[in-house]
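Please look over the chain below. The text after it walks through selected features, one group at a time.

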Amino acid sequence: MYQKAAKELFAFIENSPSPFHVIDNMKRMLNEAGFIELRENDRWNLKKGNRYYVTRNDSSIIAFAIPDGTYGGFQMIASHSDSPTFRIKENGEMTVENLYTKLNVEKYGGMLMAPWFDRPLSIAGRVIVRDGNTIKKKLVSIDRDLVLIPNVAIHMNRDINHGYKYQPQIDMLPLFGESDKKGKLLRLIADQLGIDEDQIIGHELSLYNRMKGTIWGAEQEFISCTKLDDLECAYSSIKGLIHSKNEKNITVCCVFDNEEVGSSTKQGAASTFLRDTLTRINANLGYTREDYLSRLAGSFMLSADNGHAVHPNHPEKADPSNRPKMNGGILIKHSANQKYTTDAVSAAILRMICQKAKVPYQDFLNHSDIPGGSTLGNLSNMQVAVPTADLGVAQLSMHSPYETGGVKDVYYLEQMMKIFYNTEICLNEDGDFQMDV
C-alpha cells in the first residue's frame, strides 16, 4: 500500500510541471468526483449537500463540500502549488558568440542551485493567445528533454569543490540549441498548441526537472521526486477532501500559489481569496455576517507544508531533542516566534486526529541557531483567523529539483487528511474543542 500511494503521487507530479498544471489536474480530479465548478465573476447559487470548487489565476484553487444540514464551522487544509524554479524572461533567447542559443532566466523562490546542473530539463507553463478580440489562456508542457544547464569543467574552475557563489544571470542560463536556433522557442510552443506563432502575446514559462520519481533504499523505504515540497501535501489534501463526508462542518481544501515568493499576490495565501470564498459560502446559504464570525471562531485549519528530516551527514543541523525522521509519520511543527501557527490546543487536536487515523506523528522544531522558513498558516490567518496547526512530513534536500522523503509518509499523510475531513470538530458549550474520535 505504501508503494502504491507513492506511485500515484509520482504520476500526479509528473503531470504537473507548473502550478497551472497542478490546478488543472486537481480540477480534473474534482470533476470526476462530482464537484461543480464556480467562477468568481458569476453569481453563486449554492445548495446544501453539494460540492464545489473555484479557482483564481488558474494557479490557486479552493474546493469545498457543504453538509446537508446547518453547518457548524469550516474544517480546512491549506497547501501550495508552486515550487522553486527558473522563470524564462521576456525576449528570452540569447546567442553566444555565434555558437549557441541559451535562454535568459530568473530565479523563482529560494532554491538549491547546484542540483539544477547537468540534468534533463524542459519548459512548461501558461501561454496567452489572441483569438480575434479574445485573450485565451493555454497550458503548455514540452514533453521531451529540451534544455540543460551545463557545469563548467573542473579543469576550468578548480576551486569549485571548495565553495562557489553561483550567479543566476551568468551560471544558471540553460542551453537551448545551436546559434541558428534563436527564435525557435515560440515556434516550438506554437506548434505544440497548434496555433500560429503571432497569436502568442504573453507567457509565463518555467523550467522543470524531467527526472521521474523513484523508490529506493535497502528495503525500498525512500522516495525521491521533484516538487515533493509541497505537492505531496497538496495532492494528499485534495484526495482527502474527495473521499470525505462531514455532516457538521463545511470541509475546505485550499491550494495557493506563490508561497515560495511570500504569498502576497492575488492568488497567494495572504490574499483575500479564502476570505472572499468563505464569506460568499456563508451568505449564499442564507446566513448573516454574525453567523459567519461565530462559526469561524469554532473552525479549524491545517497548514500543510513539508519539514526537514535529520540529515544523515549533518545531524547537528537539527534540533537536539526533536529528531524527526523520514517514515516517522506526520510532523507537528512548533515555533515560539510564531513562524508556525501551532499552539498547545491545535497540536492536541492534530495528535488526536493522527491517533484516530492510526498513523504515527512526531514533533518538529528548528535548531534555535538556524531559523527555518515560514508557511501558509500565519499568512492565511491574516485574512481568516482560525485555530491552526502546521504540519507536514519529513524530507531531505528541500528546494532541490529532486527531493527525498519516506515511502510510508505518503500513505500516512493521505490517511491523516482523509480522517481529518471525516472527523466532526467543534466547540462545545464551555468553549472547548471536541471531536468524534
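This is a predicted model: local features need pLDDT of at least 70, side-chain atom pairs count only at pLDDT 80 or more; totals for chains, interfaces and linings use all residues.

Is Cys225 buried or exposed? Cys225 counts as buried, because its relative accessibility is 1%. A search of the whole structure finds zero disulfides. Cys254 is in no disulfide either. For Cys254 the nearest cysteine sulfur is that of Cys253, 6.6 Å away. A disulfide needs the two sulfur atoms within 2.5 Å. Cys254 is also buried, because its relative accessible area is 0%.

Turn next to the aromatic rings. The whole structure holds 16 aromatic pairs. One of them joins Tyr2 and Tyr412. Their ring centres lie 6.0 Å apart, with 75° between the planes, and the pair is edge-to-face. Where do the two partners sit? Tyr2 is in helix 1, residues 2-14, and Tyr412 is in helix 10, residues 407-422. The two are 410 residues apart, and the pair links distant parts of the chain. What of their burial? Tyr2 has 25% relative accessibility and therefore counts as partly exposed. Tyr412 has a relative accessible area of 10%, so it is buried.

A second pair is made by Tyr71 and Phe74. This one is tilted, with 5.2 Å centre to centre and 50° between the planes. Tyr71 counts as buried, because its relative accessibility is 2%. Phe74 counts as buried as well, because its value is 1%.

The charged end of Arg295 sits over the ring of Tyr71, 5.0 Å from the ring centre. Arg295 also lies over the face of Tyr287, where the distance to the ring centre is 4.8 Å.

Now follow the helices. Helix 6 covers residues 273-284, and helix 7 covers residues 289-297. Their axes come within 9 Å and cross at roughly 120°. That angle makes helix 6 oblique to helix 7. The crossing of helix 6 past helix 7 is right-handed.

Helix 5, residues 228-242, meets helix 10. The two axes come within 8 Å, and the crossing angle is roughly 40°. Helix 5 and helix 10 are therefore oblique to each other. Helix 5 passes helix 10 in a right-handed crossing.

Helix 5 also packs with helix 1. How are helix 1 and helix 5 oriented to each other? Their axes are 10 Å apart and the angle is about 110°. Helix 1 and helix 5 are therefore roughly perpendicular. Here again the text meets a right-handed crossing, of helix 1 past helix 5.

The peptide bond between Asp229 and Asp230 is cis, with omega about 15°. Asp230 lies in helix 5.

Two further residues deserve a look at their phi angles. Asn91 is not a glycine, although its phi is positive, about 50°. Its place is in strand 5, residues 85-96. Asn91 is exposed, because its relative accessible area is 75%. Gln338 has a phi near 65°, also a positive value in a residue other than glycine. Where is Gln338 found? Gln338 is in the loop between strand 16 and helix 8, the latter spanning 344-357. With a relative accessible area of 44%, Gln338 is partly exposed.

Gly329 is found in the loop between strand 15, 307-308, and strand 16, 330-333. Is Gly329 buried or exposed? Gly329 is buried, because its relative accessible area is 0%.

Notes
Residues are numbered from 1 along each chain as its sequence is written. Side-chain values use heavy atoms; hydrogens and water are left out. Rings of Phe, Tyr and Trp (its six-membered ring) pair if their centres lie within 6.5 Å; planes under 30 degrees apart count as stacked, over 60 as edge-to-face and the rest as tilted. Helices (H or I, at least four residues) and strands (E, at least two) are DSSP runs, numbered from the N terminus. Buried means under 20% relative accessible area, exposed over 50%, partly exposed in between (1.4 Å probe, protein chains only). A charge sits over a ring if NZ of Lys or CZ of Arg is within 6 Å of the ring centre and within 35 degrees of the ring normal. Axes are lines fitted to C-alpha atoms, for helices over the stretch in contact, and angles run from 0 to 180 degrees between N-to-C directions. Angles under 35 degrees count as roughly parallel, over 145 as roughly antiparallel, 65 to 115 as roughly perpendicular and the rest as oblique. A crossing is left-handed if the near helix is turned anticlockwise from the far one by less than a right angle, and right-handed if clockwise.
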